[in-house]
Amino acid sequence: MLSAPASVSARAANVGIHAYEVYVPKKFVDQAALEKHDNVSAGKYTIGLGQSKMAICDDREDINSICLTVIQNLIENYGISYSDIGRLEVGTETIIDKSKSVKSVLMQLFADSGNTEIEGIDTTNACYGGTNALFNSINWIESSSWDGRYALVVAGDIAVYSKGAARPTGGAAAVAILLGADAPIVFDVATRSTHMEHVYDFYKPDLHSEYPEVDGPLSNTCYIKALDKVYNRYLGKLARVEDIPNPSMDSANYFVFHSPYTKLVSKAFGRLAFNDFLRNPDHAAYESVSQFKGTTHEATYGNRDVEKAFVDFTKDSFKKKVAPSLLLAKNLGNSYTASVYCGLASLLSSIAPETLLNKRIVLFSYGSGLAASMFSMTVRSDISTISRHLNLAQRLETRTEISPDEMEAILKLREKTHNCRDYQPVGTVDAKNFEKGTFYLTKVDERFRRTYERVVRDAPKVNGVNGVNGNGCVSATV
């Protein structure tokens, strides 16, 4: 159980992460099976994209249900009081209402505590919304408006694509992160960097469909261009703020990237080495890639020779510094706003807490349209409680595999019922389809109002949420 939040007698110090939870959907489709189903070459999805499995949500799940689940599980796992939360902000691009926020739906979880004084709302820009929610929450804790309570950041999405080349890059997840002062994982001060510009690489103009408009090649290029910008700005701030001479990839112990598909992450990590090379091309370490001296950023976008050379150059470092962060990305797929934070959860769950102690972790967040940031944190004290609760490898093993035909039937149903009113979901609520503690949609009434129930958990409940909870959220046994 976490201690009560900090006193407000002084400004917050050591602002960072106290607790962490991830919602992993119960159902998945195997990417190798999907290759056969789609009649594509073996390895197109598993090697070409670097994906193993893809999470699938049926008509019983929406953005509200997965966010309800991840928050309530965090509260119960860590023994937190709802009264101790003073800010809740949600990052998502899964929009089911053009006015009512996901955050307002989540407030029903606070009903029994009587706590209604909670700042924050939803924030949206493709996959970047979770990061903006995180930054807003950090800023609140560091400001004169902070009242000493925790901030809770939620990032979640259900990523689905129309039938075609992009469909295997779907996925789903939700992440909840509890922030406060004097945390075991502390955000590095005054080093985050940002790049924003206008581009149509991925967007969702059709509000009658869950599917986006995507220019894949353009989006990949935008991702790498944004990475170049924020990485060099981040290194500049490391040099100024922390007085690190000639900062580089070696200035951090681990890197976590937004992952539309994991093959892009290996290219992104190689790109960091390319940037380091451009900053110091005569260093002996770069002898094997010296043929690229004199080149520029702009001249290399889409250049496969440069890409391959630096992916090869960083292969050993990638296994140590990046691969541990890809557990969920490989097994869930793209979760949009939750993606980079699924990466951080994977790292915290995969590497022993004592190994992570005093290590710097750098995150790269990207959202199409576009918005991108790079920032870092340092593990300052024991995080064994966080690691134990995440327990991701074991949780992935308990999922249910569905066939590609079943996946297609689910996605066709989602297409048909998107934005429906007076609808009763048909997905089966049982142990095969839902873990204990999962919220699910029970009804959309004639005025589009949504009602949810929750599969009972074995663990003791807190704050009276195991029962009627103020707004139609009740527990149900399966």
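**Figure legends: fold, surface and cysteines**

**View 1. Overall fold of the protein chain.** The protein chain has 14 helices and 18 strands, where helices (H or I, at least four residues) and strands (E, at least two) are DSSP runs numbered from the N terminus. Its radius of gyration, taken over C-alpha atoms, is 22 Å, close to the 23 Å that the globule rule gives for 478 residues, so the chain is as compact as a globular protein of that length; the rule is 2.2 Å times the number of residues to the power 0.38. This is a predicted model, in which local features need pLDDT of at least 70 and side-chain atom pairs count only at pLDDT 80 or more, whereas totals for chains, interfaces and linings use all residues. Residues are numbered from 1 along each chain as its sequence is written, and side-chain values use heavy atoms, with hydrogens and water left out.

**View 2. Interior of the protein chain.** Buried residues, meaning those under 20% relative accessible area (1.4 Å probe, protein chains only), make up 56% of the 478 residues. Along its principal axes, the C-alpha trace spans about 65 × 65 × 40 Å.

View 3. The structure holds zero disulfides, a disulfide being a pair of cysteine sulfur atoms within 2.5 Å. C127 is in no disulfide, and the nearest cysteine sulfur, that of C342, lies 12 Å away; with 9% relative accessibility, C127 counts as buried. C222 is likewise in no disulfide, its nearest cysteine sulfur being that of C127 at 13 Å, and C222 is buried, with a relative accessible area of 7%.

Definitions and conventions:
Buried means under 20% relative accessible area, exposed over 50%, partly exposed in between (1.4 Å probe, protein chains only).
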